[in-house]
Amino acid sequence: MADSLISSFDAVLSDLDGVVYAGPHAIPGAVESLKRLETVGVGLGYVTNNASRTPAQVAAHLRELGAPAEDHQVVSSSQAAGELLASMLPAGAHVLITGSAALAHEIELVGLKPVHSADEDPVAVVQGFNPEIGWKDLAEASYVVASGAMWFATNTDMSIPQARGMAPGNGTLVAAVAAATGKTPLVAGKPEAPLFHAAAKRLNADRPLVVGDRLDTDILGGNRAGFATAAVLTGVDTTHTILAARTDERPDYLLADLEGLYVPYPEVLSEDGAFRCGAASAVAVDGTVTVTGDEADIDAWRAACAAWWAAVPESDVAKAPKLEWQSH
């Protein structure tokens, strides 16, 4: 595997939904690709923003799907929040928990004391997703935050996929407290760096590759952490949205799926304004990217991304070029 993409890295930090599984089922080829990492001496960690399940519960679910997963390989936003709080608060400090029992457990594990009322003199609030949260819980958090206590959020995902559709995520509950107090929390989960740093530290990884399907959480977070990033096309984002990505959300690598880790990654060559990848090439002129190649060939999209991103190196907003396709 000396020339494969994965040979340049010592660990994979993988997202879950859209990378390992979609709904209740594993994505084709994903489990086999994850198992193969051990045979090439590459570590594996799973990074999840889900703060309502314990890492042990997440690992058990992964094992049910056939994926390799010891409990310690799952790093959640609750754990990242615990590490972040422990780095900023004295041992034994009272922390108001606005979230699940799993979150309270992680706070306890780092030597802090979970409390559930403003009357217990909390010096900080940590907020994580819990479907049981009600108005009284958000009010309690607001009282403490407004009084000047430090405020942490496990993650700020605005939506959470449920069997019946999209439902409000932790970000909407955090936004309620923000609206009531005018304050902004420190965030531990994606797309912030602490979750990725916590996962790399646990694996003793110096050169991890962050793999995800979402630009706004996985890729942005991996980039912010200073790690290499790979976007896979098995989940939310597509070749079109990746091409249009704003600068901070552009991945280093574009893969069809996890099996792409085990083949050589083609070099993108630039010559006289044209970008060539494999048999495909692309040129960006006046907002139009002309691609010579097959739209079904991922190399054509790699060339298109290289050409467009070189033409628009700094963009704070997603910006799509006009695309024109030519056959060879």
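# Exercises on Sheets and Helices

His94 has Lys113 as its bridge partner in strand β7. The model is predicted: local features need pLDDT of at least 70, side-chain atom pairs count only at pLDDT 80 or more, and totals for chains, interfaces and linings use all residues. Residues are numbered from 1 along each chain as its sequence is written, and side-chain values are based on heavy atoms, with hydrogens and water left out.

## Exercise 1

Determine the strand order of the five-stranded open sheet, its edges and the helices that pack on it.

**Solution.** 

Step 1. Strands (DSSP runs of E, at least two residues) and helices (DSSP runs of H or I, at least four residues) are numbered from the N terminus. The order of this open sheet is β7-β6-β8-β9-β12, and its pairing is parallel; two strands pair if DSSP finds at least two bridges between them.

Step 2. The edges are β7 (113–115) and β12 (186–187); each has a single partner strand, so one side of each is left without a neighbour in the sheet.

Step 3. Strand β6 (residues 94–98) runs parallel to β7 and is joined to it by three bridges.

Step 4. Helix α4 packs on the sheet, where it touches β6, β7 and β8 (124–127), and its direction makes about 160 degrees with that of β6. Such angles run from 0 to 180 degrees between N-to-C directions, with axes fitted to C-alpha atoms, for helices over the stretch in contact; contact means heavy atoms within 4.5 Å. Helix α6 (residues 170–181) also packs on the sheet, touching β8 and β9 (150–153), and its direction makes about 160 degrees with that of β9.

## Exercise 2

**Solution.** 

Step 1. Strand β4 (residues 43–48) and β5 run parallel and are joined by three bridges. Here Val47 stands opposite Val75 in β5.

Step 2. Strand β13 (residues 208–212) pairs with β14 in the parallel sense over four bridges, and Val210 has Thr229 in β14 as its bridge partner.

## Exercise 3

Are the residues of strand β14 buried or exposed, and what covers each face?

**Solution.** 

Step 1. A residue is buried under 20% relative accessible area, exposed over 50% and partly exposed in between (1.4 Å probe, protein chains only).

Step 2. Five of the five residues of β14 (residues 228–232) are buried, so this strand is largely enclosed by the rest of the structure.

Step 3. Both faces are covered, with Ala228, Ala230 and Val232 buried on one side, and Thr229 and Ala231 buried on the other.

## Exercise 4

Characterise the packing of helix α3 against helix α4.

**Solution.** 

Step 1. Helix α3 (residues 77–88) and helix α4 (residues 101–109) pack at an angle of about 35 degrees, and their axes are 9 Å apart.

Step 2. The crossing of α3 and α4 is right-handed, that is, the near helix is turned clockwise from the far one by less than a right angle.

Step 3. From α3, Ser78, Gln79, Gly82 and Leu85 meet Leu103, Glu106 and Ile107 of α4. These contact residues comprise three nonpolar, three polar and one charged.

## Exercise 5

**Solution.** 

Step 1. Val289 belongs to strand β19 (residues 288–292) and is buried, at 0% relative accessibility.

Step 2. Thr217 is found in helix α8 (residues 215–224), where it counts as buried at 8% relative accessibility.

Key
Nonpolar A, V, L, I, M, F, W, Y, C, P; charged D, E, K, R; others polar.
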